[in-house]
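Me: I have a structure to go through with you. Can we start with the rings?

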Amino acid sequence: NLMKNMILKYLAFALSIAVIFSSVPLNCNNSLLFSAAAAEEEQNSTSNPTYSGICGDNLVWTLCAGVLTISGTGEMDYWSSKSAVPWYSYRSEINEVNIDDRVTTLGRYFCYECTALTQVDLPESLTLIDACAFSGASLTGITIPDTVETIGMSAFESTYISSFFVPASVASLDASSFDSKE
């Protein structure tokens, strides 16, 4: 019985430490911010403010110093309008996108009008690039993984990509998916 109590206390302690550290915010360099004042100062910093939120059942997003990072696993949310995308108001600041290799879909309007974004690497786990995902972005090139099965309407419309290679895995492709500025 004594051993059981010690194990339970140890588990309770370990769980409390995990909860504490999971709620401590990070700055752009993934350094821990241990006080609310430090977190607020980081959020209000004009040099590198950090924004974050949820963008799928198992996906989170972080935007810091122009880098949009999508972490987690599974499908991204489907947004019914460009303004519903959580980072849309910061779109002109996004110059790089990092997508976890467990993300399977890019939501509608994902990087819509991200005018500073010229290049993005897509993960091999991706199966869907939804409508208008990169429409209006300043992309000059992209490699579409051969795991992608669907490319939505206007996915790359009004970009600067002059040539595309569409992998054989793509079974659904809208005619306007690649309307380019070039």
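Me: Which residue lies over the face of Tyr-88?
Reply: Arg-91 does, at 3.9 Å from the ring centre. A charge counts as over a ring if NZ of Lys or CZ of Arg is within 6 Å of the centre and within 35 degrees of the ring normal.

Me: What kind of model is this?
Reply: This is a predicted model: local features need pLDDT of at least 70, side-chain atom pairs need 80 or more, and totals for chains, interfaces and linings use all residues. Residues are numbered from 1 along each chain as its sequence is written, and side-chain values use heavy atoms, without hydrogens and water.

Me: How many aromatic pairs does the structure hold?
Reply: It holds 7. Rings of Phe, Tyr and Trp (its six-membered ring) pair if their centres lie within 6.5 Å; planes under 30 degrees apart are stacked, over 60 edge-to-face, the rest tilted.

Me: Why is the pair of Trp-87 and Phe-110 called edge-to-face?
Reply: Their planes are at 85 degrees, so the pair is edge-to-face, with centres 5.9 Å apart. The two residues are 23 residues apart in the chain.

Me: Is Trp-87 buried or exposed?
Reply: Buried, at 1% relative accessibility. Phe-110 is also buried, at 1%. Buried means under 20% relative accessible area, exposed over 50%, partly exposed in between (1.4 Å probe, protein chains only).

Me: Which residues are in the cluster linked by ring pairs?
Reply: Trp-61, Trp-79, Trp-87, Phe-110, Phe-134 and Phe-156.

Conventions
Helices (H or I, at least four residues) and strands (E, at least two) are DSSP runs, numbered from the N terminus.
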